Amino acid sequence: MTTNIRAVFFDIDRTLYEHSRDYVPPSSLAAIAALKARGIIPAIATGRGYCALPPAIDRLVEDGDIELVVASNGQYNRYGERVLSAHPLAKDDIESLTRAFCTHDWEYTYVSATHMAAGRTRGSSHKILKNYPCYTVDPDYYRSHDVEQLIVLAPATQENALQTILAEHGGRYKTVRSHAGAVDLLHAEGSKARGIHEACAALGIDPKDTLAFGDGLNDVEMFAAVGAGIAMGDACPELKAVARHITGTLEEDGVAVALRELGVLD
């Protein structure tokens, strides 16, 4: 399973990174360096927008320690300075979707490769995102920029209303719930899995020769796209059920431990 590994994809939050401390375990940093030394590509696969990588991860990308990034749930994929693929949402659909969200008083944020642009300056979105360097407020942002994803503060208690809106748009879009109060909205066929397949195709890699680490529901499709999926120790039950291997938590150096146990690293 591990003899021909050419790339390893990492989810960010609670897999490679701890948000509260802006922290990547030293064991994971060493593992990333060791992968590169062996000619194996360390890669990010995240629901976050490319512009919203947390500081510790962004430094790894800026320094070239990680060059391959599958961002926005596979809607924007990049290797170094080269954009491998991107799937912006249709502007007419963005206009009608956000109009519908406003009828429910749901806040929304446009996510592009360069900005997270809120539709208004009040409420939870503004309070959460205002400290991001890429954050701006621009209700008309989508008119002049490609938007790969929307973040919608639609509570789980209003899921039926949300799905009705998506059905009214012909099933062209889906949501991935990242929180009880928020979803990522993207193309129906979009996922980390699609982003990984497109990145692998562009780089001449067989997806069977890749691994992926994750902890959340939006990693289930990713695990099906790679040679083997490794679930973190505190991963959700649904992901553990489809994982080839279960490792320790971030605090238990789960990434480095699994790479050694699987024979990818010494």
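How are H3 and H5 oriented to each other?

1. This is a predicted model, in which local features need pLDDT of at least 70, side-chain atom pairs count only at pLDDT 80 or more, and totals for chains, interfaces and linings use all residues. Residues are numbered from 1 along each chain as its sequence is written, and side-chain values use heavy atoms, with hydrogens and water left out.

2. Helix H3 (residues 91–103) packs against helix H5 (residues 159–168) at an angle of about 155 degrees, and their axes are 11 Å apart. The two helices, H3 and H5, are therefore roughly antiparallel to each other (a term for angles over 145 degrees). The crossing of H3 over H5 is right-handed.

3. H3 contributes Leu97, Ala100 and Phe101 to this contact, and H5 contributes Leu162, Ile165 and Leu166 (contact means heavy atoms within 4.5 Å). By class, six nonpolar residues form the contact of H3 with H5, with no polar and no charged residues.

4. The largest pocket has a volume of about 990 Å³. A pocket here is an open set of points on a 1 Å grid where a 1.4 Å probe fits, with protein on both sides within 12 Å along at least five of seven lines; lining residues have an atom within 4 Å of a point.

5. Of the 31 lining residues, Asp13, Arg48, Ser178, His179 and Asp184 are the closest to the centre of the largest pocket. Strand E10 gives the most to this lining, with four residues. By class, the lining of the largest pocket holds 11 nonpolar, 12 polar and eight charged residues.

Key. Axes fitted to C-alpha atoms, helices over the stretch in contact; angles between N-to-C directions. Parallel < 35°, antiparallel > 145°, perpendicular 65-115°, else oblique. Left-handed = near helix turned anticlockwise from the far one by under 90°. Nonpolar A, V, L, I, M, F, W, Y, C, P; charged D, E, K, R; others polar. Points joined across faces, edges and corners; volume = space filled by probe spheres on them.
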